[in-house]
Every structure is written in structure tokens, then in C-alpha cells.
Amino acid sequence: MSLHQERTRRTLSLGIDTGGTFTDVSLVDRADGREWKAKVPSTPDDPSRGFIDGVKKVLALAGAPASEVSHVFHGTTVATNAILEMRGADCALITTRGFKHVLEIGRHDIPRSANMFSWVKPTRPIPPQRIFEVAGRIDFNGAEIEPLAEDEIRAAARRIRGKGIRSIAVCYLHAYASGAHEERTRDILVAEIPDAQISLSSEVLPTFREFERSMTTALNAYVMPLISDYVGRLEARLRDEGIDTARLLLVKSNGGVTGVDTIRHEPIQTALSGPAAGVIGAQHIGNLAGESKLITLDIGGTSADICLIEGERPAITSEGTVGQWPVHLPMIAIHTIGAGGGSIARVSDGGLAVGPASAGAQPGPACYGRGGTEPTVTDAHLVLGHLPERLLHGAMSLDIDAASRAVERVARALGTSLHDTARGIIDVANNNMIGAIRVVSVERGHDPKDFALVPFGGAGPLHGGFIARLLGMKSTIVGLGCGVLSSKGLLIADLKSDFSRTLLLRPPYGDLSRLDQLFRELGQRARDWLDAEGIAPEGQEISRFVSFRYENQGYELDVPWQGEAISQDALARAIDAFHALHRRLYTFDQKDAPVELTGVRVNATGRLAKPQAAPIEAGASVDDARSGSQKVYHSGEWLACDVYDRSRLPIGGVIAGPAIVEQMDATTFLLPGQVCRMDSHGNLIITERSAG
């Protein structure tokens, strides 16, 4: 019986995650937990087309009318790709006289992976000829020491208007202490250019460090027209489909969601939108499996996103980057590399290399039959027998001959066999990902052996067994709907926003009234935001954080502020937490050194209702779940490999590798020597046979 035929009206929620190759869609009935999922090709020329294609497909699968959708959650890479590919809007920057070249100067370092002799400073999103200086000065305490030159702002506005520019960033020295000059500048700009889109640093990132604040504000202006247009197209397409009363919520880089009005004004908040949703979903899977120490691995067609979770929440950083640029907004600490199913293999001066170039959605891997000829990671998996020749429940056929021809070209260049070359492609891709996992684990004081791996995305479960074995991890957890987990993560996300401000306190600290005042101000802003988002008081949660550093250090660490009281005792407890965190991350602390407080942050969380858990549909026996067999190439020989239909596996059923587990949205590969058990939540728990 379809939902449309049922008498009881259901409240449906949609989650849509747009990736580089596929757009993943999840539909859930919040009343009984029933789920439907779909995958459709992404449409890079206009992601809103793939978005609405997925919506229509999943509603058709459910037999549900569009009018029953109450919420639409979306994870997007529009801002991310615009920054990475440097195809944002032409925009201008108005700044304090004498600070025109802050963006150009930047920081006097180069990327760790770069060659210092050949590295070239990347082109800035706003070139110097579109940066305008005006007189006026605020000091670091927020007091005006020079009036704002309003005539100079008007002159700059006329020049900006003459260039046809409509997106403008405003970043004045010490605006984190007072936004008065920036707010007045906005008033003047709106009067001169009524249709201007304006980004103020005092609203986007009211913290110190001029380069990072200027760059984050500039990037906000850089992507604002694109995101505004994109959100408008989404709303129009949803209305056209009859989803005209549902609320559209976009996921932010901190793992929360917010309404479109916030995103239109602060689009840089979506810089890591898509990857953040996947982490939320992966943590949910880990919780169901009883694991709190997780390393998540999201492998799509273009990239691999890695995150470490220890405890209740993923780690949050305020020193993140997008591409080559610092974006110092609170975001989930995700490390991304160019390694995915569409990553192209090639022979370089150093031998076999894989990625970061990708075949993307169009034309895709050679085996997709869409005109692609480059050898990719997916082609290598197919050649080795890790993939069946039909995917998406038979809706998509793979061309093994095309994959073999593509891989053979690399084999000839290397002088190796077809299958050894394909295995080499997989090994290189795996080791690239292992290097990225070590960045978030070993380099931050964590041993991967203490963690469970949660692979997801279309290609994640293909690589999970290899990577967990190479790192000696305790287990691999492959959740239900792992191939569309980012879209499922959207459906369990909460509303979140962070409010921060710079505050410098040095020992002996003395009067803490300014700290108390800032916490109160930011807390009120947080509650006002939650009220505006329609969150009832019982669903509101406010958390406080402070940033510390040792004297003369150039970076800070954030620690929670426990309780409501602002006192010397509470400050001492926060400093003790800072010492402990510094010791864990860097193996030492400096308890005898002065500790400086440099900033405060208030996190606002609005709890949203979560879907009810639906009963797990399971089969009667492992034998009944066996759907076929094929050969896989492993360690120089061909081995028999059973293929299983995941939807027919029984709870508690155990299968041994080599084996392939099929489902609509992903394929899981078990290596010889590994065993897989399906738990009561439908998770596949993969361990080494010797580990039980």
C-alpha cells in the first residue's frame, strides 16, 4: 500500500546530499521510521536539477504526494566547489586605509606538501584593484579613534557600481571589537547601490587576526551571489513540484542546519556542508553499534573526507581551511583529499599515481559507458572482481571491457599485468587515504587501533576492509544506507549556530566582568536566533567555550566552560582543561607558563524531532541471502567469491571473506580472512577472523 493510499496523513522529511558524481536522497516517515532512498546522477552545470530529479524519484518510490513533505534538508557543495575552482562572483572589498594588501600578503608560509622552490602564491578571490581603502579607525577595545570618512565610502561605492560589481565585503581593523563603522558603511552602500549584497566582517567572523578575518569575509562575498541564486532555484523547483509549505534547511560546516535566510547572508557557513552531514550520520551508526571512538571515511566519486570522533560530538575546529584559504568559522574537523571512485590513475615521474584529478559525474569512469576513457579507481575494482557488473539494483550496468581497456593503458606504461596494475591502483588509493587518516589520528595523539572505522559513500565500503586491516583497527561498521549516509545524516541533524568574539585576558586576570558580559551578550544572541528559528525553550541548548594559548604562542585551543558561574574557580578549571588538551595533542604542557584567554564562543543548538526507528527487515538465513558468485583477484590468484543481497541477510548472520554484499546504494567487499556479522540494527560489523 502506498502512502497516498493510507488514510493517516504522514509527515515526511527529505534529505538531499549533492556530491560530485551522484546526488543521494533519503525520505523518511517520521511517524514510523520507514525510509526510502534513491541515487541520481549529479548535474554539475546546475546542481538544482539533480536535486529535484532525486526528490521526484524518491517520492515516486514511496508513492507519496509532495504535499506531505514537511521538511527538506540539504547538504550542498556549491560554495565548496566555487572556492576550490575559483569561479565565484566578481566582488569588491572596502577596508581601513593602509590595509589594502592584507589579502595579498597573507601568511608567510607555504603548504606543507608544496615545493618551496616552485610554489606560486595563488590568485586571491579579490585582487588589489578591487580593494578600496577609507579613513576611520577603531581601537582593539572598540573605541573610535578616527571618524569614518563617509565621503570616501560614497566615492568607493560609485567606483564599485561603475565596475558592475554587486557583492561587497567590508573589513575594518578591529571591527571584532565594534561593528559600528562597518554597519554605517553598509547603510551608505545600500543607499548608493540598492541591490548590493554586503558582507561585514563584524557579522561573518568577529574575531581577531586580520588576514583570516579578511579572507573569510571576502570568501563570503565571493560565494554570496552563487548561493543566493542557487537557493532561489531550489525554492522555485520545490514549489513547482508542489512542495511549497515545507521548510528548506541547509546543513552548515559545524554539522547543524539552519534556514535559508541565514545562508543567504552567510553562505560561507556551507563551505563544508556536504561532508558535515555525513559525519553526523556516521556518528549515529557508530552509536547504534555501541562504539564511541570512530574514524569516519566518506568516499564518493571525487574525494575522501575523514573525521575522528571521540565521545559525544565530532571535534570542532575554528582554524579550518577550504582549498588553499583559511576559513576560521567553527566547523567539524574534516580532512579532505582528492581520492574517490572517479579518481584517475596515471603514470608520473615517480611511478603510479592516483588522483586528485577525477572523471567526475560526466563522463565518469570508463566502465559507466558515458564516454569516459580514463582509468579510475572504480574501473580497477571492476577489473579485480570487487564489483558486480550491475549496480543500483540492476538499474546501472558496468562495462568491464571498457574498464579493462582503460587500465591496460597504464599497465603497458608500467610494464605490469592488467590485474597487478589494477591492484596497484587500489593500493595507491588506499595508502593516500591512510595518510589522511593519520593526519586526524596519529598527528593528533590518537592510535587508529583504538577506533572503529565507519566507511560510507558510494565507494567507502569497497575500501573499508583494506584500510581497517592496514591500520589494525578494531572493526569496520557498514551502516544501513551507507551509500546515502550523508542524506540520512541530514535527517537527524539539529539546528546549530555559533556566536564568537575576541577577548584578551592575561594573568592575573583580575576583574572577569568583561568575560561575564560577553557570555551574556552572545548567549542572548544565541537564544534570539533559536527563537527566530521557531525552537521552543525546552528544545534549546546553550554551550559555552573559551580559547586559550600559552604566552607567545601563535594558536589557540578551545575548551568548554563548565556551568553558568563566571568566577576565578571556573576559570582555573577551564585552564586545567586547556593544559590537559594541550598535553594530549602535543605530548606536553607548560603549567608554569602564563596562559592567555583570547576569545569566547557560544554554541546554540535547537533540538529537532528525530524519526522513529523502523523495524529491521532481515532474511531467514545466510544461504537465502546468497545471490550469486564470481571470481576476485587477490594476492596473485583468482578466488571464488560469494555475492550476497544485504536486504536478505539475517540478524546475527555471519559470512566470511572473500565476499561481496550488494545493496542499492553501495557495495561492500570483504577480504579473505575477514568475517562479517549483521547486528540487530542492520549494521555490518567486519572484523579480522583471528579477532573473532
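Let me begin with a term: helices (H or I, at least four residues) and strands (E, at least two) are DSSP runs, numbered from the N terminus. The model before us is predicted, so local features need pLDDT of at least 70, side-chain atom pairs count only at pLDDT 80 or more, and totals for chains, interfaces and linings use all residues. Residues are numbered from 1 along each chain as its sequence is written, and side-chain values use heavy atoms, without hydrogens and water.

I turn to the sheet. Four strands form an open sheet in the order β6-β5-β9-β10, with parallel pairing, where two strands pair if DSSP finds at least two bridges between them.

Axes here are lines fitted to C-alpha atoms, for helices over the stretch in contact, and angles run from 0 to 180 degrees between N-to-C directions. Helix α7 (residues 210–240) also lies across β5, β9 and β10, at about 160° to β9.

Finally, the second largest pocket. A pocket is an open set of points on a 1 Å grid over the protein atoms alone, where a 1.4 Å probe fits, with protein on both sides within 12 Å along at least five of seven lines; lining residues have an atom within 4 Å of a point. Of its 43 lining residues, E35, K37, L480, G481 and K488 lie nearest the centre. Strand β3 gives the largest share of this lining, five residues.

Definitions and conventions. Contact means heavy atoms within 4.5 Å.
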